[in-house]
Amino acid sequence: MSARVLIIVPTLNESRHIGPLLDLLLAEAEALDARVVVADGGSTDGTRDIVLARAVEEPRVVLMHNPRRVQSAAINLAVAQFGDGMDYLIRIDAHGTYPDDFCRSLVAEAEERGVASVVVPMTTKGHAAFQRAVATAQNSPIGTGGSAHRMGLGSGPVDHGHHALMRVDAFRQVGGYDETFRANEDAELDFRLRAKGHTIWLTDRTGMIYYPRSTMAGLFRQYFGYGGGRARNILKHRMRPRLRQMAPLAILPVVLLAVLSIWHWAFLIPLALWGVGCIALGMHAAQKHYPEYGTPMVLSPLVGWAAMIMHFAWSSGFWLHLVQRPFRRETV
């Protein structure tokens, strides 16, 4: 292939994953004649030492410091320093698992389709019981709302997907990622790409496996950030949210309404309906993914509980951002 490719890996304390990932990416880089830039946000677990040792052996590997620590800044900085003369950038998540020909498949799809961005389906998998439950929820409508890249809905143009490949000229045309977004920066960039007339293409040639948060606190923080990011995106671009994005907004009000049950039990009804609905949908999701994620009777309640954490955290993050917005000062 003649396309010039920049592979970017944002990292922060990824010593468990970075070695095997670099093995895979170096094989891809050899085939594509590409450069691999690891943009590290100040790891303290030995990630930098692993990358530096590999860079001594492999000139294609470059370690770059990312002082802002967030992924959006890592991609912007890597493109600013190494993007000149490149046709495509490929974004790699250090904690994901990829097929051996992931980068080559992306470039082939981009060349064939002539699109600005190629996004990929993302399947979540887990190890311990709670992480498996989170993965099950995220692989089903109860946790994703039916988004195309999470449900494996084939290929074609989409509004948004899991970021994988972008044309460097299109990325630069829209100004790259908005670094004031700590979550939802990918969806915000996709909005600007589409506003400029670019196509975002969901491929079915390849995909990646993602390992979700393994604790309730970690899951809550992640989805709280997603909710706040979605609120920022809607307000920034005066977007009209989709129904699947609006539905979780009711969850925080439902939880707060339940406080009034000290005066009348009827205020608990919406909360009870939500809880029962999540458990029922969790049972359906566990049955669908059995036996990959374990015994459904054991997993089912956890799937529903994981979905409730995701819904409540997303709703809380969204509403808190709206409340704080008049007093918030955005900085880059």
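Which residue stands opposite V62 in β3? Keep that in mind as you read these notes, and bear in mind that the model is predicted.

1. The protein chain has an average pLDDT of 88, and 90% of the residues score at least 70. Confidence is highest in strand β4 (residues 88-91), at 98, and lowest in helix α7 (residues 148-151), at a mean of 56. Where pLDDT is low, the predicted coordinates should not be read in detail. When you reach α7, with its mean of 56, please keep that in mind.

2. **The opening strands.** Start with strand β1 (residues 5-11), which pairs with β2 in the parallel sense over six bridges. One place to look is T11, whose bridge partner in β2 is D40. Strand β2 itself covers residues 35-40 and is mostly covered, with five of its six residues buried. On its way between these strands the chain passes through a helix: β1, helix α1 (residues 15-32) and β2 make a right-handed β-α-β unit.

3. **The next crossover, and the opening question.** From β2 the chain crosses through helix α2 (residues 47-57) to β3, and this β-α-β crossover is right-handed. Strand β3 (residues 61-65) and β2 pair in the parallel sense over five bridges. Here is the answer to the opening question: V37 stands opposite V62 in β3.

4. **A closer look at V62.** Is V62 buried or exposed? V62 is buried, because its relative accessible area is 18% and the cut-off for buried is under 20%. Leaving out residues up to four places away in sequence, V62 touches R35, V36, V37, V38 and F82.

5. **Helix α1.** This helix has 18 residues and reaches 25 Å from its first C-alpha to its last, close to the 26 Å expected at 1.5 Å a residue. Look along α1 and you will find a bend of about 25 degrees at L21. L21 is also one of the buried residues of α1, which include I18, L22, L25 and A29. What do the buried residues of α1 pack against? Their partners are β1, β2, α2, β3 and α4 (102-113). Just after the helix comes D33, which takes a positive phi of about 55 degrees.

6. **Strand β9 and its partners.** Strand β9 (residues 162-167) is mostly covered, since five of its six residues are buried. β9 pairs with β4 in the antiparallel sense over three bridges, and there Y88 stands opposite R167 in β9. β9 is also joined to strand β6 (residues 117-120) by four bridges, and these two run antiparallel. To locate that pairing, find V119, which stands opposite H163 in β9.

7. **A three-stranded sheet.** Now turn to the open sheet of three strands, with the order β5-β11-β7 and mixed pairing. β5 (96-97) and β7 (122-124) stand at the edges with a single partner strand each, so one side of each has no neighbour in the sheet. β7 and strand β11 (residues 208-210) pair in the parallel sense over three bridges. A handy landmark for this pairing is T124, which stands opposite Y210 in β11.

8. **T206, a loop residue.** Where does T206 lie? T206 is in the loop between β10 (200-202) and β11. T206 is buried, with a relative accessible area of 8%. If you leave aside neighbours within four places in sequence, T206 is in contact with P99, F102, S105, L106, V120 and P121.

9. **Helix α10.** Helix α10 (residues 216-237) has 22 residues. From its first C-alpha to its last, α10 reaches 32 Å, close to the 32 Å expected at 1.5 Å a residue. R238 follows α10, and the phi of R238 is positive, near 50 degrees.

How values were computed. Residues are numbered from 1 along each chain as its sequence is written. This is a predicted model: local features need pLDDT of at least 70, side-chain atom pairs count only at pLDDT 80 or more; totals for chains, interfaces and linings use all residues. Side-chain values use heavy atoms; hydrogens and water are left out. Buried means under 20% relative accessible area, exposed over 50%, partly exposed in between (1.4 Å probe, protein chains only). Two strands pair if DSSP finds at least two bridges between them. A crossover is right-handed if, with the strands pointing away from the viewer, the path from the first strand over the helix to the second runs clockwise. The expected span of a helix is 1.5 Å times one less than its number of residues. The bend at a residue is the angle between axes fitted to the seven residues ending there and the seven starting there. Contact means heavy atoms within 4.5 Å. pLDDT is the predictor's confidence in each residue, from 0 to 100.
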